[in-house]
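Student: I would like to learn how to read a protein model feature by feature. Please take me through one.

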Amino acid sequence: MIKVVSLALAVSFVTANIEIKVHDCGSVDARINSIRVMQCEREPCIVHKGQDYTVLVNFTATRTVQEAHNHLHGGLGFLQVPFPLNPENACGKNVPCPIEAGKTYLYNNTMTCPDFAPSLRVAAKWEIKDENQKDIFCFATALQIVS
Ligand SMILES: *[C@@H]1O[C@H](CO)[C@@H](O)[C@H](O)[C@H]1NC(C)=O
Ligand SMILES: *[C@@H]1O[C@H](CO)[C@@H](O)[C@H](O)[C@H]1NC(C)=O
């Protein structure tokens, strides 16, 4: 019985993920349908330094764009600190390009929380920008960064 319970716990840990609330922060070229974060069980997501997190954004394009660029900022009070995402170019790896108006896509990005990140609660602002520096989509979510 204990074995069964601990196996169930192990499985639920591996597959834990939630659909987070969509806080749109200025999507121009798309409408966000849903956002799922793997290895997150509740909001705010607890993010461990050095660990990988996968973010899946289901969105429908309202305009056709040729390029997609990853931009992530962490808000600490009034400061907006950039967290470089690698690669910066989202085309091919995170989403197919061009992105065509009317089609629904699943943006898939796995990032590692950097060791230099502060152990704080931060307001993350995740933007995917087009070739004109306009947001294809933008969403905000709180993250609790821990060691
Ligand atoms: C995206 O969401 C729509 C509507 O909720 C759903 O029908 C579709 O299957 C989803 N697409 C992907 C790729 O997850
Ligand atoms: C997201 O990308 C990762 C790494 O390429 C892959 O293992 C995973 O299956 C993808 N998830 C979805 C839902 O497409």
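Student: What should I know about the model before I start?

Tutor: This is a predicted model, in which local features need pLDDT of at least 70, side-chain atom pairs count only at pLDDT 80 or more, and totals for chains, interfaces and linings use all residues. Residues are numbered from 1 along each chain as its sequence is written, chains are lettered from A and ligands numbered from 1 in the order in which they are written, and side-chain values use heavy atoms, with hydrogens and water left out.

Student: How many helices and strands does the protein have, and in what order do they run?

Tutor: Helices (H or I, at least four residues) and strands (E, at least two) are DSSP runs, numbered from the N terminus. Here there are one helix and nine strands, in the order α-β-β-β-β-β-β-β-β-β from the N terminus.

Student: What percentage of the residues is buried?

Tutor: Buried means under 20% relative accessible area, exposed over 50%, and partly exposed in between (1.4 Å probe, protein chains only). Of the 147 residues in the protein, 37% are buried. The protein exposes about 8200 Å², and carbon and sulfur atoms supply 59% of that. These areas come from the Shrake-Rupley method with a 1.4 Å probe; for residues, only the protein chains shown count as cover.

Student: What do the contacts say about separation along the sequence?

Tutor: Contact means heavy atoms within 4.5 Å. Among contacts between residues at least 6 apart in sequence, 64% join residues at least 24 apart.

Student: How do I read the side chains along a strand?

Tutor: In a regular strand the side chains alternate between the two faces of the sheet.

Student: Which strand pairs with β1, and in what sense?

Tutor: Two strands pair if DSSP finds at least two bridges between them. β1 pairs with strand β2 (residues 30-38) in the antiparallel sense, over four bridges. In this pairing Asn-17 stands opposite Met-38 of β2.

Student: How is a pair of aromatic rings described?

Tutor: It is described by the distance of the centres and the angle of the planes. Rings of Phe, Tyr and Trp (its six-membered ring) pair if their centres lie within 6.5 Å; planes under 30 degrees apart count as stacked, over 60 as edge-to-face and the rest as tilted. The count by this rule is seven aromatic pairs. One of them joins Phe-83 and Phe-116, with centres 6.5 Å apart and planes at 15°, so the pair is stacked. Phe-83 is in the loop between β6 (79-82) and β7 (104-112) and Phe-116 in the loop between β7 and β8 (121-129), so this pair links distant parts of the chain, 33 residues apart.

Student: Are Phe-83 and Phe-116 buried or exposed?

Tutor: Phe-83 counts as buried at 11% relative accessibility, whereas Phe-116 is exposed at 63%.Another pair is Trp-126 and Phe-139: the centres are 5.9 Å apart and the planes at 15°, so this pair is stacked. Trp-126 lies in strand β8 and Phe-139 in strand β9, so the pair ties together parts that are 13 residues apart in sequence. Trp-126 is buried at 6% relative accessible area, and Phe-139 counts as buried at 2%.

Student: Which residues do ring pairs link into a cluster?

Tutor: The cluster consists of Phe-59, Tyr-105, Tyr-107, Trp-126, Phe-137 and Phe-139. Leaving out residues up to four places away in sequence, Trp-126 touches residues including Val-55, Leu-72, Leu-85 and Met-111. The C-alpha atoms of Trp-126 and Asn-70 are separated by 7.7 Å, although these residues are 56 apart along the chain.

Student: What counts as a polar contact?

Tutor: A polar contact is a pair of N or O atoms within 3.5 Å; within protein, one must be able to donate a hydrogen and the other to accept it, and residues adjacent in sequence count only if both atoms are side-chain atoms. The side chains of Trp-126 and Tyr-107 form one of 3.2 Å. The side chains of Asp-135 and Lys-129 are joined by one of 3.5 Å.

Student: Where is Asp-135 found?

Tutor: Asp-135 is in strand β9 (residues 135-146). Asp-135 is buried, with a relative accessible area of 9%. Beyond its neighbours within four places in sequence, its contacts include Cys-25, Ser-27, Asp-29 and Glu-127.

Student: Which residues are around ligand 1 and ligand 2?

Tutor: A residue is near a molecule or strand if one of its heavy atoms lies within 4 Å of it. Around ligand 1 are Asn-58, Thr-104 and Leu-106. An oxygen atom of ligand 1 is 2.3 Å from an N or O atom in the side chain of Asn-58. Ligand 1 taken alone exposes 360 Å², of which the protein buries 33%. Around ligand 2 are Leu-56, Leu-106 and Asn-108. An oxygen atom of ligand 2 is 2.3 Å from an N or O atom in the Asn-108 side chain. Ligand 2 taken alone exposes 360 Å², of which the protein buries 29%.
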